[in-house]
Amino acid sequence: MRADHRGARGKGGREGSRRRGAAAVVILWVLFFFALIALTIYGLTRIQPVAARGDSGDVRALMLAHAGIQRAIEELPSAASRAWQVRDSAGADGRPGEPWTCWGEDANANGRLDPGEDVNGNSQLDSVGAPLEEALRPSFAERSGPDPLAVSVDGRPRGVSGFLGGTVQTQGDHYVLRVTDAASRIWLNGPAERTRALLSRLGRRLGLRPDVAARICTYADAVMRARQKAAQDAGRALTVEEMTVFRSEEDLVPLAGVEAYRRLEPYVTAHAWVDPDTLDVCPPEDRVRPVRPGEPVHALGDLRPVALRTQPRAPVCINTAPEVVLAAVFEGVQGTWVEESAVPLGPSGWGYGYEWMDRPLSFSGPEASLGTLRATQPVTAVQADRLAAAAVRARARTPFRTWDDFRRFLDRQVQEGLIDAPPAEALRANADPNTLLNDFNPDRNAWAAIDKTDLLSGTTEFCFSSMGCFVVESLGRLLDAEGRVAASRIVKAHVRAYEVWRETTESEFLAALRAGAEPEAQIGVYDGDGMTRRGLALEVLPDTAPDAPANRGLVGTLWYDGRIGLATLISPGGPETWLRASLTPPLREALDADDYRVRSAPAAPEELRKREREARRPRLEGEPAPGPLIQGASPLATGERATAAALLSRHFPDGAYLERDACLRYRAIDNLPWADGQTRKGCVAFWLKPAFDPRRASRPRTLWSIDRRPIATAPGLVEAPVFGAYLFPAAPDGIGAEGPYRYGFELRGLAGFGIGQRELSAGGGDGDWTVAGVATGRAEFEAFRPREWVHVTFAWDMDAPPDRAFRMAVNGRPVPRANAFEQRPGTLPLPKSVRLDLSANGPDDTTWISFGALGDDPRRNLPLDATVDEIRVGTLEMFDAACRDAAEGRYARVSDPGPKRGGGATFTSAPRSPGSPAVPGSIAWTVREAPGLPDSAVRLQFSDGRRWRGPFDEPGGQPVGEPNEPGLSGEFRWRAVFSTGHRPDLPVNETPYLDDVTITFATRPAVLGYSLPPAR
């Protein structure tokens, strides 16, 4: 029994124990879950303050970044609007004069990778593309003595631009700035074709796929086409806002991707200073005659554009742009130029140019051409990279400041064999925003082998300093107690820090006239010896300044890129002058070359009635009316457009240009001293500017002649001249003898003048020639140079012996009498029985005095290819007075007795109101110096509305005001002061030209846009 009892009790105890164990487990699990909840709550309470502090850090970092933007906005106007200066020191450190420059890893700004500067470990010095977080020398860097202040960030030194206290440590809250000149980048909103090429070349150098640039430009093209169509449908023009496709560089992310964006972003900009006056490429179809490379050029007028189009472009600063940007601008530039004919001379000393008496020249043959149109080799990628590297090295020594600096740089590259001369000329034309129109046959200092209208392909222009627009990146950064980055944010802004006032077109120069000012109020009156056309000391070219109220509205249409130079003198009239012709009316007026008021004496009533009857006589077909005429005779310039362009191109600002299809003609019987139908004595004088090189030319040129024109029998042809003056090319030394020349007189020199009179035989037919003349020697010939004015005077007296029958002077210097000749001894003096018959034999005959030659005459296809002005025709006694014209010179002489007193000829701009108080920054200008006037100068002055500052004499730029002076509210003006030095014995035969003026002034800075770069 005892055994059973024990067994029963044991079984019940085991079941109770199991129940109690399960309850304990449940309790334990409940306690565990409560503990877990408690721990979670405790953890959340511990994490929340940290998160709160993190959000606060991001906000503070963003505020720091914006504080950096404001710092840049405040300091950029005064720091960047000053004239571009050389480095602060010539010492080893070579600190830049621009505190806003960001040098990236280059802590000492010496351009070399020194120990401790390779922050990212790629073994190269990174400046432009280096991340802002790694900059050792940022913009507006805090300094510790001469070196940038370094702050430990994550255990490594970093540069900073400013501090705002410190949340955890003293220098823990700071900002880092990178200010980039927007002109050092490629403008994304530029012309589609040029932008596409620039981005493609830039992307290739950055290792991007070719389709990246294509996607960007295709998108921009599509947007612009849609906007243009919408504006066209609405009957309005696009607004400035609508012409901007990209508002920030970050707009490239959806098109190119983040990685491509990061490579491109340091080299492109959505906002830039834009020059609205640059010219687009002029295709052959837009010229008077479509001449293409490799084809002969028979007249420079064939190459003149019928229409020019402006194309706004943003220049690239050659002093701040990275190598890859400079290389993209250099690459692919190509232009055309005219290679003058230089046909080899034959064994006899005469080449094709001398065979025109035996085998007439024609328009179609290359032997009759001026030369051949050649195309330069496009600048290759390798050449562009080498040029860019050379430019960076050159600017490290001395910044580029003028276009003369850039030209000398290109000359050095040609000398070193990096590039040939013609492509270098194309690069100069592409880089210079000023349009030096060779079509106007300018003086040598305003001429270039290739001008902007000669470019086949171009990129964009250069400039020498920032043009007011900047890209500002600001990094706000917080450090914790251990120097680790607790929070950071980057903000980018495009800022216009100062205004740029640039004047370069005729319309801009003459704005004061358009506003109603009298010419004398803008341009100084000429008070020297002689007289100018308008009584003023200066002229605005290439058109002429309208000086009457009726023409003031025309100023707004003068969109040509203008130049200001000394006014040309008028040859004085006198009792011995029968004809005085100043050949420079405004280009848009009728081509009337004669001043009919200038006559030696009033004609008798009977003579006046005779002239009136002759003027009213019906003209035969092709016969010009009496009086002056620039006759277009080219069979190639056809159609209304070509004819208008050809006629307009004949009268240039400084004379009449005479070439194949243009001849200046006057009725000889009306404009020469004559008696009984003869002119046995007389004088002709004029200024001449060749558009060719007489020392390289392969054919003679007709300077002037007296012609018989048999209208009835052969319209359009000219008989052999009675008188003629010709310019002969120089034969190479040692080849041939100097004569006899087949035309009639011995070529003892290189410019000739003579008489060729055909006597009548006893039977009434043509007899022999009576030939005599005078020729220059080589000394006089040296005065005939391309694009330089030369004064020539010719006189004849057929009643005098041979040594006095002919006289000739070059630049007022008489040719030695030993150079006179007589082919048939004893023919001079010319017997009275031998008539110099200049009278019209009947209604079908006309006698002319001609300058140049008609181009439609294949027997005398010897066009002048030169500019002629100030023609004087008169009696023999006029010779000495005409020589004095040469002694006075071509241009007005203006003295400046005190170089710093601002004397001389003055040109004052129209006023410009800055709109709000402004601080003047700098003034710079482009001047084309006159090499023949070593003492000439063009100085600038600046007025703030209260006083004139200056004169300034450094065209590359000089500070106008003081950095800390208060803003001024007056009207701003600039004034140019021309002087020709103190050498009255040196004729003023060329003028310095003022090409453009650029003034900077700081008003209230403007933020053009903000953006947030994508996080790394």
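1. A cavity here is a set of grid points where a 1.4 Å probe fits but cannot get out. By this rule the model, which is predicted, holds twelve cavities of 30 Å³ or more. The largest cavity has a volume of about 120 Å³.

2. Which residues lie nearest the centre of the largest cavity? They are Leu 541, Pro 653, Asp 654, Tyr 891 and Tyr 993, out of 15 residues that line it. By class, the lining of the largest cavity comprises eight nonpolar, two polar and five charged residues. Two strands, β18 (538-541) and β19 (563-566), each supply at least two residues of this lining. Of the elements, β19 gives the most, with three residues.

3. On the chain as a whole: there are 18 helices and 43 strands in the protein chain. Of its 1016 residues, 55% are buried. Among contacts with a separation of 6 or more, 76% join residues 24 or more positions apart. The protein chain exposes about 42800 Å², and carbon and sulfur atoms supply 54% of that area.

4. Confidence should be read alongside the points below. The average pLDDT of the protein chain is 76, and 71% of the residues score at least 70.

5. Helix α6 deserves a separate remark. Seven of its eight residues are buried, so α6 is largely enclosed by the rest of the structure. The buried residues are Val 324, Val 325, Leu 326, Ala 327, Ala 328, Val 329 and Phe 330. Just after α6, Gly 332 takes a positive phi of about 85 degrees.

6. Helix α9 (residues 421-431) is also largely enclosed by the rest of the structure, because eight of its eleven residues are buried. The buried residues of α9 include Pro 423, Ala 424, Leu 427, Arg 428 and Asn 430. Ala 426, Ala 429 and Ala 431 are also among them.

7. Is Glu 250 buried or exposed? Its relative accessible area is 11%, under the 20% cut-off, so Glu 250 counts as buried. Glu 250 lies in the loop between α3 (210-233) and α4 (253-256). Leaving out residues up to four places away in sequence, Glu 250 touches Tyr 261, Glu 265, Lys 492, Ser 1011, Leu 1012, Pro 1013 and Pro 1014. One of these, Glu 265, is 15 residues from Glu 250 in sequence and 8.0 Å from it in space, C-alpha to C-alpha.

8. Arg 444 is found in the loop between α9 and β13 (455-457). Arg 444 and Arg 928 are 484 residues apart in sequence, with their C-alpha atoms 9.6 Å apart in space.

9. Backbone geometry has some points to check. Phe 140 is not a glycine, but has a positive phi of about 50 degrees. Phe 140 lies in the loop between α1 (2-80) and β1 (143-144), and its relative accessible area of 5% makes it buried. Glu 870, not a glycine either, has a positive phi of about 55 degrees. Glu 870 lies in strand β35 (residues 866-874) and counts as buried at 1% relative accessibility.

10. A cis peptide bond runs from Gly 950 to Pro 951, with omega near 10 degrees. Pro 951 is found in strand β39 (residues 948-952).

How values were computed: Residues are numbered from 1 along each chain as its sequence is written. This is a predicted model: local features need pLDDT of at least 70, side-chain atom pairs count only at pLDDT 80 or more; totals for chains, interfaces and linings use all residues. Side-chain values use heavy atoms; hydrogens and water are left out. On a 1 Å grid over the protein atoms alone, a cavity is a set of points where a 1.4 Å probe fits but cannot get out, and a pocket is an open set with protein on both sides within 12 Å along at least five of seven lines; lining residues have an atom within 4 Å of a point. Grid points are joined across faces, edges and corners, and a volume is the space filled by probe spheres set on the points. Helices (H or I, at least four residues) and strands (E, at least two) are DSSP runs, numbered from the N terminus. Ala, Val, Leu, Ile, Met, Phe, Trp, Tyr, Cys and Pro count as nonpolar, Asp, Glu, Lys and Arg as charged, and the others, Gly among them, as polar. Buried means under 20% relative accessible area, exposed over 50%, partly exposed in between (1.4 Å probe, protein chains only). Contact means heavy atoms within 4.5 Å. Accessible areas come from the Shrake-Rupley method with a 1.4 Å probe; for residues, only the protein chains shown count as cover. pLDDT is the predictor's confidence in each residue, from 0 to 100.
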